[in-house]
Amino acid sequence: MWVIGTCVLALAIAWLGHWVYRWRNPKCNGVLPPGSLGLPLIGETLQLMVPGDSLDLVPFLKDRIQRYGTTFRTSVAGRSIIVSADPKFCHFVLQQHGKLFESWALDTFAKLFAQEGEASLNVTDIHKYVRGTVLKHFGMEALKERLFPLMEEVSQATIKRWLGKESMDVKYATGTMAIEFSAKLLFSHDPTQSSKKLGDLFSSLVQGLLSIPLNIPGTIYHKCLKDRRKALSMIRRTVKDRLSSHGRLHDDFLCHVMQDMSKEKFLTEDFLVQLIFTLLFVTFDSVSTTLTLALMFLEENPRALQEITDEHESIIKEREISKSSITWKEYKSMPFTLQVIHESLRLGNISPGLFRRTKTDVEWNGTICNIDKSSNSNIRSSTQYDD
């Protein structure tokens, strides 16, 4: 009996090993891009989360691009995806957005930003409305007319709080500055009237997005979801109060959007709450990351720091009133400052990848990017990365 048991165990181990090997190294046969799906269930999620020691591509991407080429398949967070660092293919994806491709997010993002129910809505119309409304309140004209002095005021107040301190978490401080400023413009939020700091809540959200999505007490992801509920609750209270008072006595983004509720059916209470939450998140992570990188680059380059300092001091000397607020004309007369901003964005890409889901089979250079019905690979999305 023990001989039979040993043979059965050996066969089971061999079958399991073969199955795992087949999972990690699926056959391509000229249909799907080459690549590996990693371990069952978790895929190559752990390898993707390994941080890099530079602002270059993360080790996960560099290693697989060298091994498989600029387009490969993998499995991340339970989803099989195709990753492309091919500029031509990424441009093709952008050109065909809405036709062959549509926006998509991994489950972690979808749960945080409530994307599960968007299929029943006209996403194109919503995107057009949101884009137009945001640009109206935060675009170029808004900057010229009223935002510049407000931004300068909040920036100076933040820097004054740094004085006398031995060290400072610049990313957290600039993120808190940006989100409190945006919250004031979005729904007249007063941080002194709230026991919870939006900066703390959204800092937790950013960490949760980069964690394994296990909703178990004690995990980063569990805390992320908990803080998300707190942030949404804070925003919802404001929206409910505005709806009950018909938005009187306020001149902010929420008030103006509420005026369109009778014209746009998708503008419900839940939509307003989620919209403000998403705009706050985008503000916190993008602004704080960009500012932190810009300050780091300037600190590492004394000549650039001196040149940008000289440029700003020369503008102040030319003013009739030295403490007057910055003007649009002054902003446009800062060529080196603009170069610093552009170079910071180039070197520290704050959005290294975007997710797209294919609507149908998409063939590119002899490979197909979509669900492979003849296997278990289930390619769901096309992800584009800057080269």
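**Chat about a predicted model**

Modeller: Of the 387 residues in the protein, 38% are buried. Keep in mind that this is a predicted model.

Biologist: OK. How many helices and strands does the protein have?

Modeller: There are 15 helices and 7 strands.

Biologist: And the surface, what does the accessible area come to?

Modeller: About 23500 Å² for the protein, and 58% of that belongs to carbon and sulfur atoms.

Biologist: What share of the contacts is between residues 24 or more positions apart?

Modeller: Counting contacts with a separation of 6 or more, 67% are between residues 24 or more positions apart.

Biologist: Which residues does I308 touch?

Modeller: Leaving out residues up to four places away in sequence, I308 touches L298, F336, T337 and V340.

Biologist: Is I308 buried or exposed?

Modeller: I308 is buried, because its relative accessible area is 10% and the cut-off for buried is under 20%.

Biologist: What about G98, where does that lie?

Modeller: G98 is in the loop between α4 (87–95) and β3 (101–103). At 43% relative accessibility, G98 is partly exposed.

Biologist: Switching to rings. How many aromatic pairs are there?

Modeller: The count comes to 10 aromatic pairs. One of them is F92 with F101, an edge-to-face pair with 6.1 Å centre to centre and 90° between the planes.

Biologist: Are those two buried or exposed?

Modeller: F92 is buried, with a relative accessible area of 18%. F101 is buried too, at 0%.

Biologist: And how do F266 and F271 pair up?

Modeller: Their ring centres are 5.2 Å apart and their planes are at 70°, so that pair is edge-to-face. The cut-off for edge-to-face is over 60 degrees. F266 and F271 are both buried.

Biologist: Back to F92. Which residues are in its ring cluster?

Modeller: Ring pairs link F89, F92 and F101 into a cluster.

Biologist: How does the lining divide into nonpolar, polar and charged?

Modeller: The lining of the second largest pocket has 8 nonpolar, 4 polar and 8 charged residues.

Biologist: Last topic, S188. What is its phi?

Modeller: S188 has a positive phi of about 55°, although it is not a glycine. Most residues other than glycine have a negative phi.

Biologist: Where is the place of S188?

Modeller: S188 is in the loop between α8 and α9 (198–209). With a relative accessible area of 33%, S188 is partly exposed.

Methods: Residues are numbered from 1 along each chain as its sequence is written. This is a predicted model: local features need pLDDT of at least 70, side-chain atom pairs count only at pLDDT 80 or more; totals for chains, interfaces and linings use all residues. Side-chain values use heavy atoms; hydrogens and water are left out. Helices (H or I, at least four residues) and strands (E, at least two) are DSSP runs, numbered from the N terminus. Buried means under 20% relative accessible area, exposed over 50%, partly exposed in between (1.4 Å probe, protein chains only). Contact means heavy atoms within 4.5 Å. Accessible areas come from the Shrake-Rupley method with a 1.4 Å probe; for residues, only the protein chains shown count as cover. Rings of Phe, Tyr and Trp (its six-membered ring) pair if their centres lie within 6.5 Å; planes under 30 degrees apart count as stacked, over 60 as edge-to-face and the rest as tilted. Ala, Val, Leu, Ile, Met, Phe, Trp, Tyr, Cys and Pro count as nonpolar, Asp, Glu, Lys and Arg as charged, and the others, Gly among them, as polar.
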